[in-house]
Amino acid sequence: QEKVETVLGAALGAGIYPVFGQTADVPIPMIATRDIGTVAAETLLAPPSSGEVVDLDGPAYTEREVADRLAVLLGRPLEVVTIPREEWIDAMLGAGLPAPLAHELAALYDAEQRGLLQPRGDRRYAGTTQLDETLRRIVTAATPAS
């Protein structure tokens, strides 16, 4: 869910919500770092008897839903803009992301588009943090109090 932070500058500055994918209308699971921390702490406190892979899942949202909810919190409309694959890295670099992060994010978005990010672990953890809670925290941290 916190991936919104990578496009917040575009939302605040230009009023756009860039989507690194072919469409903004396919629901995808989005887990909050708070939920990831919870499962990591639980696993460290009560480790399994043998190694395991844990799939982390969260509520599913479309990028358009994310943009709409973010727009409400920002008090301004956001234009959803899908960015073609060949422009992903340049767009991220132009937004100020370091090159290694831009390349890693592009690879992650590409894997997501190709359907490679499928659950394959020994167990599944379903995060419960809702997007609105995460967005409120991100917007509050990024915008100065009036």
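**Notebook: aromatic pairs**

I searched the whole structure, a predicted model, and the search finds three aromatic pairs, where rings of Phe, Tyr and Trp (its six-membered ring) pair if their centres lie within 6.5 Å. I looked up phenylalanine 20 and tryptophan 88, whose rings are 6.4 Å apart centre to centre with 80 degrees between the planes, an edge-to-face pair (planes over 60 degrees apart count as edge-to-face, under 30 as stacked and the rest as tilted). This pair links distant parts of the chain, 68 residues apart, with phenylalanine 20 in the loop between β1 (16-19) and β2 (28-29) and tryptophan 88 in helix α4 (residues 88-94); helices (H or I, at least four residues) and strands (E, at least two) are DSSP runs, numbered from the N terminus.

I noted that phenylalanine 20 is buried at 12% relative accessible area, and that tryptophan 88 is buried at 2% (buried means under 20%, exposed over 50%, partly exposed in between, with a 1.4 Å probe and protein chains only).

I then checked phenylalanine 20 against tyrosine 109: the ring centres are 5.4 Å apart and the planes are at 10 degrees, so this pair is stacked. Because tyrosine 109 lies in helix α5 (residues 99-113), this pair ties together parts 89 residues apart in sequence. Tyrosine 109 is also buried, at 7%. I recorded Phe20, Trp88 and Tyr109 as one aromatic cluster.

Residues are numbered from 1 along each chain as its sequence is written, and side-chain values use heavy atoms, without hydrogens and water. Local features need pLDDT of at least 70, side-chain atom pairs count only at pLDDT 80 or more, and totals for chains, interfaces and linings use all residues.
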